[in-house]
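Open the model in your viewer and keep the selection panel at hand.

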Amino acid sequence: MTSATPHIRVAERRDIAAMHVVRLAVRENRLVSAVIGPADYEREMELTGRGWVAESDGAIVGFAVGNARTGNIWALFVAPEHERSGLGRRLHDVMVEWLFSSGLERLHLTTAPATRAFGFYVKAGWTPVDAVVRGEQRFELARSDRRSELGAR
Ligand SMILES: CC(C)(COP(=O)(O)OP(=O)(O)OC[C@H]1O[C@@H](n2cnc3c(N)ncnc32)[C@H](O)[C@@H]1OP(=O)(O)O)[C@@H](O)C(=O)NCCC(=O)NCCS
């Protein structure tokens, strides 16, 4: 465990291997069937959107990737030993602000019900919509929801 406050910066291609280590380390919303490889990260970070990493003492301990074409939150993951210290929210906020600043009116994501992520997104102002499909709950966040959520903090 380190005491340094993680630093958030835009992700680069050289970060992908370490980002995927975090992706595989989480205990919930684990990668099950889909095979995600470096080409998928490159597409999401360089072609369709942007990624951010949280670095602590030179190690990547969390990351987020958002798609500016569709408004999809492609990834938001914090290494288990760094959870519950506000890092997920910091990554979330920088990604959401950037996606809305790119002109999108509404963002969406899916996550498994009964996970920490479910409550995390509700706390961050997201709304669950539609029924659970294949174990995944869809959430949406409108630009106007975000404005009122920020005002309430
Ligand atoms: C979901 C995840 C990103 C949250 O990251 P985190 O760093 O632990 O969350 P934070 O510490 O930033 O929490 C931010 C706020 O949300 C609140 N929160 C988090 N989970 C919550 C829950 N289940 N219910 C209610 N509030 C919750 C925190 O209390 C905190 O509130 P505060 O700002 O008043 O202190 C992280 O747990 C994770 O990576 N989980 C595994 C992978 C995953 O499920 N990712 C999402 C895939 S879509």
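In which loop is Ala 114 found? Select the stretch between E5 and H4: Ala 114 sits in that loop. Bear in mind that this is a predicted model.

**Stop 1: Ala 114.** Check the backbone torsions here. Phi of Ala 114 is near 60 degrees, a positive value in a residue that is not glycine. Is Ala 114 buried or exposed? Count the C-beta atoms around Ala 114: 10 others lie within 10 Å. The cut-off for an exposed residue is 12 or fewer, so Ala 114 is exposed.

**Stop 2: Arg 134.** Next, select strand E6 (127-133) and strand E7 (136-142); Arg 134 is in the loop between them. Its phi is also positive, near 45 degrees, and Arg 134 is not glycine either. Arg 134 has 5 other C-beta atoms within 10 Å, so this residue is exposed.

**Stop 3: the whole protein.** Zoom out and switch to cartoon. How many helices and strands does the protein have? Five helices and seven strands. Color from the N terminus and follow the order of elements: β-α-α-β-β-β-α-β-α-β-β-α. The radius of gyration is 15 Å, close to the 15 Å that the globule rule gives for 153 residues, so the protein is as compact as a globular protein of that length. Draw a box along the principal axes: the C-alpha atoms fill roughly 35 × 35 × 30 Å.

Now color by burial. Of the 153 residues, 29% are buried. Among contacts with a separation of 6 or more, 60% are between residues 24 or more positions apart.

**Stop 4: the ligand.** Center on the ligand and select its surroundings. How many residues surround the ligand? The shell holds 21 residues.

Which element gives the largest share of the shell? Pick H4, which supplies five residues.

Finish by coloring the shell by class. Eight of its residues are nonpolar, seven are polar and six are charged.

Technical notes: Residues numbered from 1 in each chain as written. Predicted model: local features only at pLDDT ≥ 70, side-chain atom pairs only at ≥ 80, totals over all residues. Near = placed C-beta within 6 Å. Helix = DSSP H or I, 4+ residues; strand = E, 2+ residues; numbered from the N terminus. Nonpolar A, V, L, I, M, F, W, Y, C, P; charged D, E, K, R; others polar. Rg over C-alpha atoms; globule rule 2.2 N^0.38 Å. Buried ≥ 20, exposed ≤ 12 C-beta atoms within 10 Å, placed from the backbone. Contact = placed C-beta atoms within 7 Å.
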